[in-house]
Amino acid sequence: MSPTFNFQLLTVDFFMKLVYSAQYDLNLGNHVFPSIKYRLIREKLLRDQVAGPQDFVEPPPASEDDIALVHSRDYIRKLQAGKLSYLEILRLEIPYSPELVRAVWLSAGGSILAGRLALQDGAAANVGGGFHHAYPDHGEGFCVLNDFAIGIRRLQKDKAIERAMTVDCDVHQGNGTAAIFAGDSTVFTLSIHQENNYPYPKPPSTLDINLRDGVEDAEYLEELEKGLDQALREFQPDLIYYVAGADPYRHDQLGGLKLSIDGLARRDRLVFEKARAKNIPVAITLAGGYARRVEDTIDIHTNTIRIAKEFIK
Ligand SMILES: [Zn+2]
């Protein structure tokens, strides 16, 4: 018999910061969007020793000027003053509250910070954000501010990057992102999503991969690989924002694709492998996830962070 040995001591703890605030919770109560997920992901990462308390950093809220790099001043003022119309709130599909405003300001600050940390360390995650349905002048589909679009604009303004790519693997097309960066040759937007699902219409991304209903792991991974290869052949970004939606999962309530939890982990690995092969830093944002069992959504998101850590060297 070999002596008991603590293998934990042998694992090298690669450095990846996780941006998180307890105030990311969107205060939605009993809603299909489990806004408690951010806290549950943090707890699971700690429990599974994927991360220690020292790996988490608290974001400052984005400044109004940062947000105005993407959103109209008029829309920002309406959010701050609680002056959205009934129809504007209806389109958001989540209840308006001061806590919601606080949360999305912090999420935007979090994606700016995650972008900066990714440039420094090779990868970083915002344990939040990914609100890809937000347009310059309005929010929709649970998304108030397009946090990672704000991240790209701020990092460009700081001259920390010139060119960015968004790799959006949420089951829903990244309509807000596509609209924000339409005609901008410095940002390549890739979206792989279920075609027959919200949003309608879908303004064109630089590259849209439209999948039919019910696509499973193998076909999804093949299409994503083709798309990533094409995108990275045509465009060399200084940074990738990875929108790692958990909702292509087969048991998602708002998605119609059929990926397994293992397939989603392979998806994550594929994105990090392709980025690493070209030495491109990756900033993760979480986006959607509406599995019937919230534990599955938490597993899918924590896997993304676990896998990203393997690529930090
Ligand atoms: Zn989604």
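This is a predicted model: local features need pLDDT of at least 70, side-chain atom pairs count only at pLDDT 80 or more; totals for chains, interfaces and linings use all residues.
Q: OK, strand β6. Which residues are on its covered face, and which on the uncovered one?
A: Strand β6 covers residues 207-211. Leu-207, Ile-209 and Leu-211 make up the covered face. Asp-208 and Asn-210 are on the uncovered face.

Q: How many bridges join β5 to β6, and do they run parallel or antiparallel?
A: There are 5 bridges between β5, residues 187-194, and β6, and the two strands run parallel. As for individual residues, Gln-194 stands opposite Leu-211 of β6.

Q: What's in the loop between those two strands?
A: Pro-199 is in the loop between β5 and β6, and Pro-201 lies in that loop too.

Q: Which residues other than glycine have a positive phi?
A: Lys-159 is one of them, with phi near 60°. Ala-287 is another, with a positive phi of about 60°. Most residues other than glycine have a negative phi.

Q: Where are Lys-159 and Ala-287?
A: Lys-159 sits in the loop between α6 (147-157) and β4 (164-168). Ala-287 lies in the loop between β8 (282-285) and α10 (294-310).

Q: Buried or exposed?
A: Lys-159 has a relative accessible area of 73%, so Lys-159 is exposed. Ala-287 has 4% relative accessibility, so Ala-287 counts as buried.

Q: Changing topic. How many disulfides does the structure hold?
A: The structure holds 0 disulfides.

Q: Why don't Cys-143 and Cys-169 bond?
A: Because the sulfur of Cys-143 is 16 Å from the closest cysteine sulfur, the one in Cys-169, and that is too far for a bond. A disulfide needs the two sulfur atoms within 2.5 Å.

Q: Are those cysteines buried or exposed?
A: Cys-143 is buried, with a relative accessible area of 3%. Cys-169 also counts as buried, at 0% relative accessibility.

Q: How many aromatic pairs are there?
A: The structure holds 11 aromatic pairs. In the pair of Phe-33 and Tyr-38, the ring centres are 6.5 Å apart and the planes are at 45°, so this pair is tilted.

Q: And how covered are Phe-33 and Tyr-38?
A: Phe-33 counts as buried at 3% relative accessibility. Tyr-38 is buried as well, with a relative accessible area of 2%.

Q: Which residues form the aromatic cluster?
A: Phe-33 and Tyr-38 belong to one cluster with Tyr-20, Tyr-24, Phe-56, Phe-142 and Tyr-290.

Q: Next, salt bridges. What's the count?
A: The count comes to 21 salt bridges. One of them joins Arg-39 and Glu-43, with the closest N and O atoms 2.8 Å apart.

Q: Where in the fold are Arg-39 and Glu-43?
A: Both lie in helix α1, residues 37-47. They are 4 residues apart, about one turn of the helix.

Q: How exposed are they?
A: Both count as partly exposed, Arg-39 at 40% relative accessibility and Glu-43 at 32%.

Q: What does Lys-78 pair with?
A: Lys-78 forms a salt bridge with Glu-88, and their closest N and O atoms are 2.7 Å apart. This pair links distant parts of the chain, with Lys-78 in helix α3 (residues 73-81) and Glu-88 in helix α4, 10 residues apart.

Q: What about Asp-48?
A: Asp-48 forms a salt bridge with Lys-44, with the closest N and O atoms 2.9 Å apart. Asp-48 is partly exposed, with a relative accessible area of 31%, whereas Lys-44 is buried at 15%. Salt bridges that share partners join Lys-44 and Asp-48 with Asp-299 and Arg-306 into one network.

Q: Last one: which residues make the nonpolar surface patch?
A: Tyr-86, Leu-87 and Leu-90 make a patch of about 380 Å². Leu-87 is in helix α4, residues 86-92, and counts as exposed at 61% relative accessibility.

Notes:
Residues are numbered from 1 along each chain as its sequence is written. Side-chain values use heavy atoms; hydrogens and water are left out. Buried means under 20% relative accessible area, exposed over 50%, partly exposed in between (1.4 Å probe, protein chains only). Two strands pair if DSSP finds at least two bridges between them. Patches are made of residues with over 30% relative accessible area and no salt bridge: like charges are joined within 9 Å, nonpolar side chains (Val, Leu, Ile, Met, Phe, Trp, Tyr) within 5 Å. Accessible areas come from the Shrake-Rupley method with a 1.4 Å probe; for residues, only the protein chains shown count as cover. A salt bridge is a side-chain nitrogen of Lys or Arg within 4 Å of a carboxyl oxygen of Asp or Glu. Rings of Phe, Tyr and Trp (its six-membered ring) pair if their centres lie within 6.5 Å; planes under 30 degrees apart count as stacked, over 60 as edge-to-face and the rest as tilted.
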